[in-house]
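User: I have a model open and want to go through its packing. Can you take me through it residue by residue, then the helices?

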Amino acid sequence: MSPSAPLSVGAVVLTMNDRPVEFPRALACLLAQEGVDLDVVVVGNGVVPEQVPAGIRTVALPENVGIPEGRNVGAAHVRGEFLFFFDNDAHLPRGDELARLAAELDRDAGLAYVQPRIADPDTGVTLRRWVPRLRAADPARPGIVTVMAEGVVLIRRAAFEAAGGWPGHFFLFHEGIDLSWRLWNQGGTGRYVPDVVAHHPATDPSRHTPYHHLNARNRVWLARRNLPRALVPVHLATFSVLTLFRLRDRRALGPTLSGFHEGLRTSCGARTPMRWTTIARLTLAGRPPIV
């Protein structure tokens, strides 16, 4: 590719036709991005996508397969050296955010993914869970990160495919940690670039009815899929203590326990334990894979 040629980016957006205001705005800001060779696909998760501008490819799935698998489907239907996964209620306030993220990946061949700072459009607040590191008090501090906020992230396609994509069977929650760990286990890294800002409403994930069940189940699957056997009980013990400490609603205890039990007794999918050298790299980067 010549130095002057724009970097190619494939953007994947999911829809359930339930955001008539946010979804068209998300597509409009994507199409307004400059400095990249952009290809966009919209995946209808159990619906035929509506409100899609002419010229944008769509894929209609007969049933809701969940967010990670919907993204996998989208990635297979879009071209681009880099893959941009974009929530349909997110918004890029400027026209150069995507080009700036792509430039980060292009400059550093060791980078597998790059993450912008996500901020609420009304308050400007960046939630702690949107800062992909343990020390998240300062959302404006850039650096190498070991997990991702998967709703707005740019990933190198070659690394994404080599890692096997998103864990489709997770349906929702923790798929970003799973993919990040596998990208790191291939030798890649992630970078947080807070100078590039994406807007996203500061919603509470527990608004989803199955949140507590899926959160617990997927955390167990995450550990069983990715960690050496000696670290699985350590990770799950840490998760259990933190979950009980943070639990504010006693009604959430039942779904949490049932999810934990399901995670232990059902298949977690293909098991690919990370190397101990990867664990050392993650630890040196500031987040050992036991928290």
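User: Where is Ser-8 found?
Analyst: Ser-8 sits in strand E1. Strands here are DSSP runs of E with at least two residues, helices are runs of H or I with at least four, and both are numbered from the N terminus. Before going further: this is a predicted model, where local features need pLDDT of at least 70, side-chain atom pairs count only at pLDDT 80 or more, and totals for chains, interfaces and linings use all residues. Residues are numbered from 1 along each chain as its sequence is written, and side-chain values use heavy atoms, with hydrogens and water left out.

User: Ser-8, buried or exposed?
Analyst: Ser-8 has 13% relative accessibility, so it counts as buried. Buried means under 20% relative accessible area, exposed over 50%, and partly exposed in between, with a 1.4 Å probe and protein chains only.

User: And what does Ser-8 touch?
Analyst: Not counting residues up to four places away in sequence, Ser-8 touches Asp-37, Gly-80, Glu-81 and Phe-82. Contact means heavy atoms within 4.5 Å. Ser-8 and Asp-39 are 7.8 Å apart in space, C-alpha to C-alpha, and 31 residues apart in sequence.

User: Next, Val-41. What's its relative accessible area?
Analyst: 0%, so Val-41 is buried. Its place is in strand E2, residues 36–44.

User: Which residues is Val-41 in contact with?
Analyst: Leaving aside neighbours within four places in sequence, they are Ala-11, Val-12, Val-13, Arg-57, Val-59, Gly-74, His-77 and Val-78.

User: Gly-74 is in that list. Which helix has it as a buried residue?
Analyst: H2, where Pro-68, Gly-70, Arg-71, Asn-72, Val-73, Gly-74 and Ala-75 are buried. That is seven of the 10 residues of H2 (residues 67–76), so the helix is largely enclosed by the rest of the structure.

User: What do the buried residues of H2 pack against?
Analyst: Strands E1 (7–15), E2, E3 (57–60) and E4, plus helices H4 and H5.

User: Switching to rings. How many aromatic pairs are there in the whole structure?
Analyst: Six. Rings of Phe, Tyr and Trp (its six-membered ring) pair if their centres lie within 6.5 Å; planes under 30 degrees apart count as stacked, over 60 as edge-to-face and the rest as tilted. One of the pairs is Phe-85 with Phe-160, which is tilted, at 5.4 Å centre to centre and 40° between the planes. Phe-85 is in strand E4 (residues 82–86) and Phe-160 in helix H4 (residues 157–162), 75 residues apart.

User: What about Phe-85 and Trp-166?
Analyst: Their ring centres are 5.2 Å apart and the planes are at 85°, so that pair is edge-to-face. Trp-166 lies in the loop between H4 and H5 and Phe-85 in E4, so the pair ties together parts 81 residues apart in sequence. Ring pairs link Phe-85, Phe-160 and Trp-166 into a cluster.

User: Last one, H7 and H8. At what angle do their axes cross?
Analyst: Roughly 170°, with the axes of H7 (residues 232–246) and H8 (residues 253–265) coming within 12 Å. Axes are lines fitted to C-alpha atoms, for helices over the stretch in contact, and angles run from 0 to 180 degrees between N-to-C directions. H7 and H8 are therefore roughly antiparallel, a label for angles over 145 degrees.

User: Which residues meet there?
Analyst: Leu-236, Phe-239, Ser-240, Thr-243 and Leu-244 in H7 meet Leu-253, Thr-256, Phe-260 and Leu-264 in H8.

Key: Angles under 35 degrees count as roughly parallel, over 145 as roughly antiparallel, 65 to 115 as roughly perpendicular and the rest as oblique.
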